Amino acid sequence: MDMIEVSGLFKSYGPIQAIHDINFKVKKGEVVGFLGPNGAGKSTTMKIITGSMAPSGGSVRVAGFDVFEDPIEVKKRIGYLPENPPVYGDMSVESYLKFVAKLKGVEASRVKAQVEKSIEKTDLGSVRRRLIQNLSKGYRQRVGIAQALVSDPEVLILDEPTSGLDPRQVAEVRALIKELKGEHTIILSTHILPEVQAMCERIIIINRGHIVAQDSLEGLSTRMAGATQVKIKVARPSGEVEKSLQAIPGVSALVKSEHGYAMAIASGGAADGATDGVVERIAEAAVQSRAGLLELRRESADLEEIFLKLTTSEETQTTGGAV
Ligand SMILES: Nc1ncnc2c1ncn2[C@@H]1O[C@H](COP(=O)(O)OP(=O)(O)OP(=O)(O)O)[C@@H](O)[C@H]1O
Ligand SMILES: [Mg+2]
């Protein structure tokens, strides 16, 4: 069963198009990682899924309910750790969690037990009576995770759950998320590849508002083992050429650079000939969309290089003028 269904999602902030035609599904109990560099559109997508923000277009269903037609039903089922959790600095950890539990409609008789459970899971026992404003950043992050858990929601949307944590805490949060898997359907975001490798079964890679790849961890690892990379340089990059390149079967990821694109293409295994057809179609697509093909190169680099680029590069999102 699909617990989350995101269809044709668009969002613009004035002239800035933050996300562009985002489509994906998440099955019940799955842990999906949203991987992408700063500004990719991860938080925007998560805000829309949780009903905290309206999209410019498209729809989201959670457990069969439309986020905008049935926001109450959806919010009941979601625990959300926002990128910048709201500050209730003058509340103690415990009273804040009680407050959130009530707000989320947890039955009065179950509030205490739920608060205890979330304190225990996030290891906040030692600071439970301290004011949130006096906690270190790492502990505040744990409070954010605890409030997402406190209503025992079916779905958890965690925006960079390990940000601001020290290495030991990172390991703890990763372990916690693994523990929550199965009981909850989880989407988490990160810009670090090892992070998704440690926690997620499936990865959705997003760059400049577009999904550039989505696959199981296994599938991605297999592709990483022996993928071929094709780099092209064009005189006139455009949305049209980008779309036609992405549509070519065998092109599994596409990264923009200043004057062109780098693509990961399906591995042909031992026989190089298997990828020739894909390279040919890439050349055709560039010519047909009149982008002015200047250069085309095949490199036997592995996919990891592309993902690294995707997840660390600032160059792809600086100007916005290339496409
Ligand atoms: N409120 C806003 N007003 C204008 N532009 C915004 C707003 N929020 C986000 N953006 C822009 O939308 C794009 C996507 O931002 P978003 O926060 O979704 O990215 P992200 O993947 O979460 O990045 P990060 O890793 O830095 O958290 C960026 O170009 C960002 O500058
Ligand atoms: Mg973000």
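How many nonpolar, polar and charged residues does the shell around ligand 1 have, by class? This is a predicted model, and in it the shell has 4 nonpolar, 7 polar and 2 charged residues.

**Ligand 1**
- Ligand 1 is surrounded by 13 residues, and the closest are Tyr-13, Ala-18, Lys-42, Ser-43 and Thr-44.
- At least two residues of the shell come from each of β2 (16-27) and α1 (42-49).
- The biggest contribution is that of α1, which gives 3 residues.

**Strand β1 and its partners**
- β1 (residues 2-13) pairs with β2 in the antiparallel sense over 8 bridges, and Ile-4 stands opposite Val-26 in β2.
- The hairpin of β1 and β2 has 2 residues between the strands, and Gly-14 there takes a positive phi near 55°.
- β1 also pairs with β4 (residues 57-62), in the antiparallel sense and over 5 bridges.
- The bridge partner of Ile-4 in β4 is Val-62.

- β11 pairs with β13 (residues 260-265) in the antiparallel sense over 6 bridges, and Thr-228 has Ile-265 as its bridge partner in β13.
- β11 and β14 (residues 293-299) run antiparallel and are joined by 6 bridges.
- In β14, Arg-297 is the bridge partner of Lys-231.

How values were computed: Residues are numbered from 1 along each chain as its sequence is written. Chains are lettered from A and ligands numbered from 1 in the order in which they are written. This is a predicted model: local features need pLDDT of at least 70, side-chain atom pairs count only at pLDDT 80 or more; totals for chains, interfaces and linings use all residues. A residue is near a molecule or strand if its C-beta atom, placed from the backbone, lies within 6 Å of it. Helices (H or I, at least four residues) and strands (E, at least two) are DSSP runs, numbered from the N terminus. Ala, Val, Leu, Ile, Met, Phe, Trp, Tyr, Cys and Pro count as nonpolar, Asp, Glu, Lys and Arg as charged, and the others, Gly among them, as polar. Two strands pair if DSSP finds at least two bridges between them.
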